[in-house]
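Try each task yourself before you read its solution.

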Amino acid sequence: MDGGQRDCGDPGATLHAVSSAVLAVTRHLSVHEVLQVIVRAAAQLLDARYAALGVPDDRGSFAEFVVEGVSDGRWEKIGPLPRQHGMLAAMLRDNEPKRLADIRREPEFEGWPAAHPVLKDFLGVPIRDGDDVLGILFLANRRRPGGFTRADEDLLTLFAAHAAIAMANARLYEHNRELTVVAERNRLARELHDAVAQKLFSLRLTAQAAAALAERDPARTVRELAEVERLAADALAELRAVIFELRPADLADGLAASLRKHVEVLDRAYDTDVRLTVDGAVVLPEEHEAVVFRIAQEALHNALRHASARTVRVRLGALDGGVVLEVADDGTGFDPGASAKSGGGEPHGGLGLASMRDRACSIGGTLTIDAAPGTGTVVRLEVPL
């Protein structure tokens, strides 16, 4: 589209505009991203100054309300999310498109905050999935004189039908991802039970043996107590590792903030000095952020559990055309080539290097491992935008 303009008399140009808008929406997987792109694409498609999409809840309000054309400052002045009243309630009730020359003259025009932009010509359509209304999409203040036409109404209705598919797909994707997370947590819980139960059982037997030997063989008792200490340390390490894997990757505050919280927890839990540096604004799609976070988790896990590192430095920063993540430790290091040839038999071969590379490839990223015995390890991930 050229600046949001289209030739209404050219069916080919109209179809191309709709196709471009639909493709822009379907590239995204998270529900919130899909809503934002729907609103932006609709505004561009019909050259509207303002656009909004409300997803109704069952409590008389909206679960989400996304706008286009309103600055953050003005949105803060407008106040809380709108309720299902006035024109919004009428559209939910009637479940039909609504096209108005001047919304201010309508009886349902009420309850608009003082800071709200002045609206005039108006076009709203429901986004439906069968009989269910997934949301209300509406535009206001067409830049071209004359307001919205019947052709515009038909075009927005067509776009809304495709938007409904994208919203339904995004919801299914997020639901499946939640099911995957639940399954992974259950698997880790079973591992926690098996691994720690075995170590605690050995710990108990060794402690009993030490008690039995205390009087007649003090030297052996000392050795058994040393084994008790080792088993206790192993059990604690297993608990730490699985607990941190069970911690949900809450990226609601963004990748940098979530990674900072994770690093702070690890720094408190381990004797190792763990630090994070963030360079510049790091912006990635939500699904890419989740992958980068998991790779950082895996690299930190390796450094803390297996490298005997005194320090671990994590760097997250903006790269020309992308984002870079580095996890560097001063631990024992290893030979990546030997690990690969051994098929995972080397100490580091089974520590998720293949998994990290697979995750990196899934988002078009590149993972490199710089390591050698005795010189520490640097894991570097580059993700293009």
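## Exercise 1: strand β1 and its partners

Task: work out how β1 and strand β2 pair, and over how many bridges.

Solution. Step one: β1 and β2 (residues 62-68) run antiparallel to each other, with 6 bridges between them. Strands here are DSSP runs of E with at least two residues, helices are runs of H or I with at least four, and both are numbered from the N terminus. Two strands pair if DSSP finds at least two bridges between them.

Step two: pick out a pair to check by eye. Ala 51 sits opposite Glu 68 of β2.

Step three: look at the connection. Asp 57 is in the loop between β1 and β2, and it touches Phe 62, Ala 63 and Gln 84, leaving out residues up to four places away in sequence. Contact here means heavy atoms within 4.5 Å.

Step four: turn to the other partner. Strand β5 (residues 132-142) also pairs with β1 in the antiparallel sense, over 6 bridges. Tyr 50 has Ala 140 as its bridge partner in β5.

Before going on, a word on where the values come from. This is a predicted model, in which local features need pLDDT of at least 70 and side-chain atom pairs count only at pLDDT 80 or more, while totals for chains, interfaces and linings use all residues. Residues are numbered from 1 along each chain as its sequence is written, and side-chain values use heavy atoms, with hydrogens and water left out.

## Exercise 2: buried or exposed?

Task: decide why β1 (residues 48-56) can be called largely enclosed.

Solution. Count the buried residues (under 20% relative accessible area; exposed is over 50% and partly exposed in between, with a 1.4 Å probe and protein chains only). In β1, 7 of the 9 residues are buried, so the rest of the structure largely encloses the strand. For the protein chain, 41% of its 385 residues count as buried.

Now try single residues. Asp 57 has 17% relative accessibility, so it counts as buried. Gln 208, in helix α5 (residues 150-213), is at 43% and therefore partly exposed.

## Exercise 3: positive phi

Task: find out where Asp 47 and Asn 141 lie, and what their phi values are.

Solution. Asp 47 has phi near 55° and belongs to the loop between α2 (31-45) and β1. With 5% relative accessibility, Asp 47 counts as buried. Asn 141 has phi near 60° and is in strand β5; at 14% relative accessibility, Asn 141 is buried too.

## Exercise 4: the largest nonpolar core

Task: which residues of the largest nonpolar core touch the most other members?

Solution. Such a core is a set of buried Ala, Val, Leu, Ile, Met, Phe, Trp, Tyr and Cys residues joined through side-chain atoms within 4.5 Å. The largest one has 37 residues, and Val 312, Val 314 and Leu 325 touch the most other members. Helix α8 supplies its largest share, 9 residues. Apart from this core there is another, of 31 residues, including Leu 53 and Phe 159.

Then zoom in on Leu 325: beyond its neighbours within four places in sequence, its contacts include Leu 259, Val 292, Val 314 and Val 379.

## Exercise 5: the largest cavity

Task: how much space lies in the largest cavity, and which residues lie nearest its centre?

Solution. On a 1 Å grid over the protein atoms alone, a cavity is a set of points where a 1.4 Å probe fits but cannot get out, and lining residues have an atom within 4 Å of a point. Grid points are joined across faces, edges and corners, and the volume is the space filled by probe spheres set on the points. The largest cavity holds about 90 Å³. It has 12 lining residues, with Ala 299, Asn 302, Asp 329, Thr 377 and Val 379 nearest its centre. The elements giving two or more lining residues are α8 (286-306), β8 (322-329), α10 (353-362) and β10 (377-384). Of these, α8 gives the largest share, 3 residues.

How values were computed:
1 Å grid on protein atoms, 1.4 Å probe; cavity = no way out; pocket = protein on both sides within 12 Å on 5 of 7 lines; lining within 4 Å.
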